Amino acid sequence: MEPVLAVLVGLLVAAAVYLMLARSFLLYLFGLILVSNAANLVIFAAGGLTPGAPPLIETGALAPAGPVANALPQALVLTAIVIGFGLFAFALVLAFRAMTELGTIESDEMRIAEPPEAGR
Amino acid sequence: MAASAGRQRTALTAGAFLPTLLPAALFAVLAAAIPEVAAGAVLRGALDWVPSLGIRLSFRIDGLSLTFATLITGIGALIMLYSGQYLHGHPHYRRFMLFLTAFMLSMLGLVLADNLITLFVFWELTTLTSYLLIGFDHGTAKSRRSALQALLVTATGGLALLAGFILMGLAGGSFELSDLLADPRALAAHPWYPAILVLVLLGAFTKSAQVPFHFWLPNAMAAPTPVSAYLHSATMVKGGVYLLARLHPGLGGTDAWFWALTLAGATTAVFASLMALRQSDLKQALAYTTLMALGTLTLFLASDVAVAVTAAVTFLVVHSLYKAALFLVVGIVDHATGTRDVARLSGLGRALPVTAAAAALSALSMAGFPPFLGFIGKELTYKGALALSSVPYSVAAAVLTANALMVAVAGIVALRPFWGRAEPEPEPGRVPHEAPWPMWVGPLALAVLGTVLGLRPGLAEALVGPGVAAVLPGGEAYELKLWHGVNVPLILSIATFAIGGAIYALRRPLAAALVRAGAASPLDFDRGWDRLLDGFKVFAAGLTRIVQPGRLRAYLRFTFLTLLGVLAVTLALRTGLPAPPDLPALSWRELAVLALIAGGTGLVVTTDSRVAAVAGLGVVGIGVAIVFIVYGAPDVAITQLLVETLVVVLVAVALLRLPFLYRDGRVLHRPWDAALAAGIGLATTAALLLVVEAPPDRRVTDFYEVAAVPEAYGRNIVNVILVDFRALDTLGEIAVVLVAALGALVLLRGVAGRARG
């Protein structure tokens, strides 16, 4: 299954990059959501996939009975999901504020702090 | 206490003599070591600095470093004494003395260092302190430009030198000079030798102002005169010469060394003597004669013939003595009359008798008349030139040209202003009169020393002989004598005086012709330098405009392109492409999840509808959550579903206020972006395939699995990792979310306030 996930991740990343390069900052945000999903899948797949055996220990046992899913990437992905959400929420509010202040959501037109461009 | 001529008439305090004490004391210590070193002893001292890198603060006093060190401290003491008077009452007098002392100590460290890195550090310190000294008069644009030019040229050479030193250290297996030079021909046989040679010579030639790097030295005359006398004649510019002499046993003896030094030295010597003739400013003329001397010194370090090396070391001493004296004389003349223009100065001898005497003695030494030390130096240069077996006549011709021009320039610069009919007031309102003693004692002492050493060449040999022995291990210095009988060098000497005299007589038409030729020549190094700097600025501005145009999309494009490039290069050169994976037979459930994620992604990219896009994002999120559930990560799946729901809600709320511009969003409306995106997607897939080819390293997981219950009393291993083993990381994560929430709150308040206002 890991090679299949690798192809899927490639698709997600390509879509995300394409969206992030769009004029609209909203599409950039959509790209951001897709790329964080892709990153989480990369971490998850890199740790190896074990179907149907969550990393839990029976009551009274000192260690998992049989082979269970890799707990380490799960912990990492959990953290990544939360941080990704924080980043996204902040960026969304930033877009919201930009719309209110500048009247545009197109990143090309957000140039107040930039030097004047040649030929414009 | 004597009163200063001209500007200041207040008495000097004892404090003015304080800075002189340090170089004088150092000079006394070093001079006391001369007999011991002349007998062949080498004095050492070392401190560990960065032992792991083989960098030590190690110092060594042998014949060569002692020759330089005595010149640096001896002339330094006289210069400090002179400066106390010259800059008396100057508002930044103390700063000047600080810079000058710092420079002297750096220079001393440079010539005494026995470790390549230590030497380099002192080398750069002399560059920095000389920058401060040249730019001392920082109120004028000319000084600032000259200082920066000197800094950039010599520091660029310094960087090359550092690279050369590192290569040398790696090739030789040690950064200690005494280790590297112990086996004289080992470095020259190393395959890196050509690179080392080029880099080291770049450093030495920029520092010692060899053509084509010479242009900064005449500009450096913007510095106060004592600085010119010290840095730009006697010491700093000799740093490059010292380096060539020091490394001669290690890097010399090859054809490449011989030709590089011969060509650079001869070109510089002849070019500089011609340039010296056309200058009307005394300081400028002397600056060019310094260039000539540096060229001559480089020329004679090219070979490993004993006579040539003796000529180099002798000429080094001769030149330091007379050139420092003459610069100081020019400073006195400037102080006394207010001008340095040759055409306006004459007959000063009556008003400034002591200065005139010092000038005359120095000028005769410079011109190479007997019985001065300069005569011995010049005879030796002819002998050295004739001893160069492969090219004796061309070198002798170059030296003859340069020496003859020196005779003429000595006459113009040092004799002419003191001779003839006295101008009562060269500059209106300034009646010239003799300088106070702290100013004339320096040039007089140096001039007299040049005379005494000429009459008693045995004394000079105590300095020169050990120096030659250090450059040529096992080599015998050629005996210094005034009279060698009638031989070729003597005949060449007489020819020099004749030609020099003729040039002196014809100096006006010759100078005019040289000025015309210079104006017609397209080769202007100084202006070329400006153009080079302007070119850099234009290039940097152009590059910035392209790479950082101030548009988010451009930055992202460059970031993604770089990422793609790095991934592609790594895949192509380091790892190779992954083998095509065997795709397993997928169950319908797995296929359904994959179709869900892929379909959702396609919807987000292609749709025109805002609601459809948000729905597509939700579908992708839920698909990923299902993957987590299927592969044993229920906690992750729950979090993912929760967060995904929140994201959709937030976006939906925001959409009420945000326009949705899909004008250019659809596939293939931006084919280049699509190609870039596809490239990164493929590279990511390839990288991940390579990662999953090998089974994952589970050592850390194994630890958590067996430690979870006994150490943390928890049965959910993922939870135990998050809240127990890595609790601090989780706290950091919570802090990130908190900061994001606070930031969002502040931004939203602004919106609300604006809506109300």
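Reply: Gladly, and keep in mind that this is a predicted model.

Me: What makes the crossing of α29(B) and α30(B) left-handed or right-handed?

Reply: A crossing is left-handed if the near helix is turned anticlockwise from the far one by less than a right angle. α29(B) passes α30(B) in a left-handed crossing.

Me: Which residues make that contact?

Reply: From α29(B) come B:Tyr704, B:Glu705, B:Ala708 and B:Ala712, and from α30(B) come B:Ile717, B:Val720, B:Ile721, B:Asp724 and B:Phe725. By class, this contact has seven nonpolar, no polar and two charged residues.

Me: How do you know that the length of helix α28 (residues 671-693) of chain B agrees with its 23 residues?

Reply: At 1.5 Å a residue, α28(B) should span 33 Å, and its end C-alpha atoms are 33 Å apart, so the two agree.

Me: Why are some residues of α28(B) called buried?

Reply: A residue is buried if 20 or more other C-beta atoms lie within 10 Å of its own. Residues of α28(B) that are buried include B:Leu676, B:Ile680, B:Gly681, B:Leu688 and B:Val692. Among what covers the buried residues of α28(B) are α1 and α2 of chain A, together with α24 (552-575) of chain B.

Me: How many residues does each chain bring to the contact between A and B?

Reply: Chain A brings 84 residues and chain B brings 91. On the side of chain A that touches chain B, α3(A) gives the most, with 24 residues. That side has 61 nonpolar, 15 polar and eight charged residues.

Notes
Residues are numbered from 1 along each chain as its sequence is written. Chains are lettered from A and ligands numbered from 1 in the order in which they are written. This is a predicted model: local features need pLDDT of at least 70, side-chain atom pairs count only at pLDDT 80 or more; totals for chains, interfaces and linings use all residues. Two residues are in contact if their C-beta atoms, placed from the backbone, lie within 7 Å. Helices (H or I, at least four residues) and strands (E, at least two) are DSSP runs, numbered from the N terminus. Ala, Val, Leu, Ile, Met, Phe, Trp, Tyr, Cys and Pro count as nonpolar, Asp, Glu, Lys and Arg as charged, and the others, Gly among them, as polar. The expected span of a helix is 1.5 Å times one less than its number of residues. A residue is buried if 20 or more other C-beta atoms lie within 10 Å of its own, exposed if 12 or fewer, and partly exposed in between; C-beta atoms are placed from the backbone.
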